Amino acid sequence: MAAGADHGLKRIVWKRIQETIIKDCRKSEVWKILILDSFTTKLLSSCCKMSDLMLEKITIVEDLYKKREPVPEMKAIYFMSPTATCVDAFIADFKPTPKYKAAYVYFTDYCPDDLFNKMKQSCATYIRVCKEINLSFMPQEAQVFTCNNPGAFQSIYSPYSRDKTKTLEMLADQLVTLCATLDEYPGIRYKKDNNTENAKAFAELVDNKLAKHYELEEDGKKKGKTQAQLLIVDRGFDPVSPILHELTYQAMAYDLIDIQSDTYTYKAKDKSEKQALLNEDDLLWVKLRHKHIADVSEQIRKLVKEISANKKQPDGKITISSLAQMMKKMPSFRKQVTEKTIHLQLAEDCMQHFSNNVEKLCKAEQDLALGSDVEGVKVKDSMRTLLPVLLHPYSTRDKIRAVLLYIFSVNGTTEENLNKLIQHVKIEEEQEFILNWKELGVPIITSSASSFFSRKTSRRDRSQDETYNLSRWTPVIKDVMEDAVENKLDTKEWPHQSECPAAWNGSGAVSARQKQKNSSQDERRTGSRLIVFVLGGISHSEMRCAYEVTQAVKSCEVIIGSSHILTPTSLLNDIKNLSKAPMETFTMEEKRNA
């Protein structure tokens with residue numbers, strides 16, 4: 001397995017797959033075919049490579065939904081979601097004529113009885129194994145997971161949504177499989193919000209599903225709570241962090257560069273198009289992703305200079321062009337310098353955007369977000385901070401982001417003032433970018449009297465922290481993580497859905513219908529685990545906080561997750577689309593497999 005995936009959630013998921021699906025494969029010496037749906041394809045791709053599967057005598061990986069040639073002499077492994085679409089596709093492989101000699105079926109999650117019975121009645125003679133392995137979440141990074149469901153945003157917040165309850169149910173099921181995979185039965189708390197009840201409703205769902213899950217152990221012993229805490233918050237709790245221009249490497253790159261599916265596309269010196277995957281297989285990416293862009297640029301140049309010195313290259317300014325010349329002269333040098341070249345290019349792209357526009361924007365954004373300037377002097381008139389941004393020829397999106405930060409800073413503005421701002425930015429036809437935040441419980445329009453009453457929560461004093469002037473803002477979730485670890489969360493603001501005991505209890509996660517050997521018990525950190533789930537998407541800056549708090553505390557591992565990962569662009573598009581009435585009705589499983 002790749003070195004980058006050799007730790008954290010990805011390692012745990014791969015070990016679970018090895019101890020269930022792969023272990024069963026090892027019992028037979030014959031080569032097998034692995035058949036996946038779209039979700040399990042992404043899941044497997046995130047934690048292993050084709051070479052890993054080949055070692056386990058899996059010779060072909062196929063798409064469940066695509067037309068396939070029969071191979072009647074081979075056995076097939078089906079790793080799929082427990083949906084009607086998947087089960088129907090499976091049955092079609094064996095009726096009327098079987099495509100394969102036998103089937104080993106593994107569901108990501110609990111399979112409803114009606115689907116289980118339908119499959120049993122149609123294909124029982126061909127099914128050798130049928131198990132549920134509790135893996136319906138996506139391990140994005142060592143300490144980050146998602147439910148692979150960007151569409152959940154519309155389902156939860158759109159006033160036209162017809163499937164909010166089903167979406168919350170599905171997210172809760174996926175979160176339960178995360179807890180089971182980690183062998184945790186956490187105490188649950190949620191952020192109380194008078195404007196929306198989403199966090200409370202979701203906390204109740206997860207609590208009930210966890211209780212039901214751990215009652216299904218075969219040995220009849222009821223699992224006790226473990227020393228873990230699960231915090232549930234709604235996206236509206238911190239609207240600032242996902243809108244602000246971030247200057248740490250990962251957050252900045254995903255905001256300013258068009259990175260699709262974690263793939264960075266760039267032009268090489270010879271004008272050819274190159275692609276680089278930004279994931280944990282790239283150890284330099286792991287080392288640099290949470291650092292400030294100024295530190296990143298400096299570190300990459302130092303690394304390249306060290307290589308140059310080792311190869312007796314003359315010192316001087318390191319550029320993409322000079323690296324290309326060096327690589328041509330010494331083919332053996334190419335592999336060593338490739339990843340440095342990628343990050344030098346990406347860092348240069350980020351810095352280009354920064355010097356063109358972002359640097360000037362950042363000061364105003366930071367002052368609006370924090371309510372004070374670099375010297376710590378309180379901003380008395382937020383409008384005076386905003387106006388220079390509106391008068392400068394920034395892009396419309398950048399101006400929208402600045403207007404939103406202004407509105408968030410004053411906890412909503414008057415309708416008259418908002419109309420003037422919308423005219424300034426010239427988005428009369430697209431004012432949903434601003435107005436629709438109300439669907440997340442964020443105050444946008446208020447009366448002049450009520451705007452004096454702040455709904456902002458008190459923040460930790462970080463005035464003594466060493467930070468860059470243009471990176472003074474800290475995501476609210478970091479305060480929450482630190483308070484949770486130090487047991488300082490206010491019970492009025494963070495009610496307990498279920499209590500968390502003070503000691504470890506229980507061992508070995510179980511599946512819905514059969515007990516599975518726990519894959520991570522022996523490697524778990526000594527200490528507790530804090531799991532944070534954000535309904536409606538998480539930003540890269542919030543992901544970074546999980547690592548920073550874990551690093552600072554040591555005794556507690558923080559894991560953060562959500563329905564999906566968002567960028568400022570994707571969030572603004574989602575906000576705007578909340579106004580759209582649904583054109584078509586999709587089932588939940590169609591959304592999941594889209």
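Predicted model: local features only at pLDDT ≥ 70, side-chain atom pairs only at ≥ 80, totals over all residues.
Residues are numbered from 1 along each chain as its sequence is written, and side-chain values use heavy atoms, with hydrogens and water left out.

View 1. The protein has 21 helices and 14 strands, where helices (H or I, at least four residues) and strands (E, at least two) are DSSP runs numbered from the N terminus. Of its 594 residues, 55% are buried, the term meaning under 20% relative accessible area, with exposed meaning over 50% and partly exposed lying in between (1.4 Å probe, protein chains only). Among contacts (heavy atoms within 4.5 Å) between residues at least 6 apart in sequence, 80% join residues at least 24 apart.

**View 2. The largest nonpolar core and the surroundings of Phe79.** A nonpolar core is a set of buried Ala, Val, Leu, Ile, Met, Phe, Trp, Tyr and Cys residues joined through side-chain atoms within 4.5 Å. The largest has 118 residues, and those with the most contacts inside it are Ile17, Phe79, Phe202, Ile232, Ile434, Trp437 and Met481. Not counting residues up to four places away in sequence, Phe79 touches residues including Ile17, Leu36, Leu43, Tyr106 and Ile133. A second, separate core of 29 residues includes Met252, Leu284, Ile293 and Val296.

**View 3. Helix 2 and its buried face.** In helix 2 (residues 38-47), the buried residues are Phe39, Thr40, Leu43, Leu44, Ser46 and Cys47. Seen down the axis of helix 2, these residues fall within an arc of 155°, so they line one face of the helix; the arc is that of the directions from the helix axis to the C-beta atoms. Among the elements covering them are helix 1 (8-26), strand 1 (32-36), strand 3 (71-80) and helix 7 (164-181).

**View 4. The packing of helix 4 with helix 5.** Helix 4 (residues 84-92) and helix 5 (residues 113-123) pack at an angle of about 5°, with their axes 10 Å apart. That makes helix 4 roughly parallel to helix 5, a term for angles under 35 degrees. The axes are lines fitted to C-alpha atoms over the stretch in contact, and angles run from 0 to 180 degrees between N-to-C directions. Ala84, Val87, Asp88, Phe90 and Ile91 in helix 4 meet Leu115, Lys118, Met119, Ser122 and Cys123 in helix 5.

**View 5. Gln497 in strand 12.** Gln497 lies in strand 12 (residues 496-498) and is partly exposed, with a relative accessible area of 23%. Leaving aside neighbours within four places in sequence, Gln497 is in contact with Ile188, Arg189, Tyr190, Ala203, Glu204 and Asp207.

View 6. Most residues other than glycine have a negative phi, and most peptide bonds are trans. A cis peptide bond, with omega about 0°, joins Lys95 and Pro96, and Pro96 is placed in the loop between helix 4 and strand 4 (100-107). Asp183 has a positive phi, near 60°, and is buried at a relative accessible area of 0%. Phi of Lys426 is also positive, near 60°, whereas Lys426 counts as exposed at 68% relative accessibility.

Definitions and conventions: Parallel < 35°, antiparallel > 145°, perpendicular 65-115°, else oblique.
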